[in-house]
Amino acid sequence: MRIFRVGNVLLKMERLFVHYEEQLLIRYTIMEASEPMKLQIRPFLAFRNIHELTHANLTANTKIEPIKNGIKSKMYDGFPSLHLQLSSKVEFIHVPDWYLGVEYIEEQRRGYDYSEDLFTPGFFELKAKKGDVIIFSASTREESPLGFKINSQKQYQERSHATVLSTALKTQPSSL
């Protein structure tokens with residue numbers, strides 16, 4: 001969990017990989033805001049093997065297809081399509097671009113390659129206000145945005161329960 005303050009807005013961001021699914025959920029909660037605002041979410045994509053870094057290139061397919069509350073993209077042959085969706089109605093502004101020289105300091109410290117370029121197909125824009133909870137999903141399949149909030153809440157509760165149970169087991173005296 002991370003909390004960000006931008007002016008008079010306090011935003012909580014929680015990331016979650018869904019068990020047994022190829023899906024990342026990011027839950028944004030507007031904790032404080034003095035007035036309604038526009039929230040922009042810009043995904044940065046590597047679209048690569050875990051053991052490689054990517055660099056700006058002309059072979060990347062920068063086209064997108066609209067889907068329910070989001071977009072679908074397939075940057076390279078041999079990779080699955082990526083479905084980027086939100087729990088709320090959203091506008092997608094297609095502005096494809098490469099962000100050059102993103103550095104991973106921990107990888108540099110370890111002596112590995114540490115600089116890569118990330119692709120962004122554009123950004124999502126939606127209206128938000130204090131108390132709103134917005135779920136962003138990145139998945140290899142199209143999902144029903146209606147289920148994002150329920151699924152994320154269920155996943156967080158399962159993880160919280162597992163953490164409490166694990167802590168309780170660690171603090172129990174040995175029966176030996």
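Residues are numbered from 1 along each chain as its sequence is written, and side-chain values use heavy atoms, with hydrogens and water left out. Because the model is predicted, local features need pLDDT of at least 70 and side-chain atom pairs count only at pLDDT 80 or more, while totals for chains, interfaces and linings use all residues.

Strands and helices are DSSP runs numbered from the N terminus (strands: E, at least two residues; helices: H or I, at least four). Seven strands form an open sheet, in the order β1-β2-β3-β10-β7-β6-β5. The pairing is antiparallel. Two strands count as paired if DSSP finds at least two bridges between them. Strands of a sheet pair through backbone hydrogen bonds, either parallel or antiparallel. β1 and β5 (65-67) stand at the edges. Each has a single partner strand, so one side of each is left without a neighbour in the sheet. From one strand to the next, the twist averages 20°. This angle is taken between axes, which are lines fitted to C-alpha atoms (for helices over the stretch in contact), and angles run from 0 to 180 degrees between N-to-C directions. β1 and β2 pair over five bridges, in the antiparallel sense. R5 stands opposite L10 in β2.

Salt bridges were examined next. Side chains of opposite charge can pair when their charged atoms come close. A salt bridge here is a side-chain nitrogen of Lys or Arg within 4 Å of a carboxyl oxygen of Asp or Glu. The whole structure holds 11 salt bridges. One of them joins R5 and E32, at 3.0 Å from N to O. R5 lies in β1 and E32 in β3, so the pair ties together parts that are 27 residues apart in sequence. E32 is partly exposed, with a relative accessible area of 33%. The classes are buried (under 20% relative accessible area), exposed (over 50%) and partly exposed (in between), with a 1.4 Å probe and protein chains only.

K38 forms a salt bridge with E125, with the closest N and O atoms 3.8 Å apart. This pair links distant parts of the chain: K38 is in β4 (residues 37-41), E125 is in β9 (residues 115-128), and they are 87 residues apart. K38 is exposed at 58%, whereas E125 is buried at 16%.

E106 and R110 also meet in a salt bridge, at 3.6 Å from N to O. Both lie in helix α1 (residues 105-110), four residues apart, and are separated by about one helical turn. E106 is partly exposed, at 37% relative accessibility. Salt bridges that share partners join E106, E107, R109 and R110 into one network.

Pockets come last. On a 1 Å grid over the protein atoms alone, a pocket is an open set of points where a 1.4 Å probe fits, with protein on both sides within 12 Å along at least five of seven lines; lining residues have an atom within 4 Å of a point. Grid points are joined across faces, edges and corners, and a volume is the space filled by probe spheres set on the points. The largest pocket has a volume of about 1000 Å³. It is lined by 30 residues, and F17, L24, F44, L45 and A138 lie nearest its centre. β3 gives the most to this lining, with four residues. The second largest pocket has a volume of about 280 Å³. Its lining includes R48, H51, E107 and D113.
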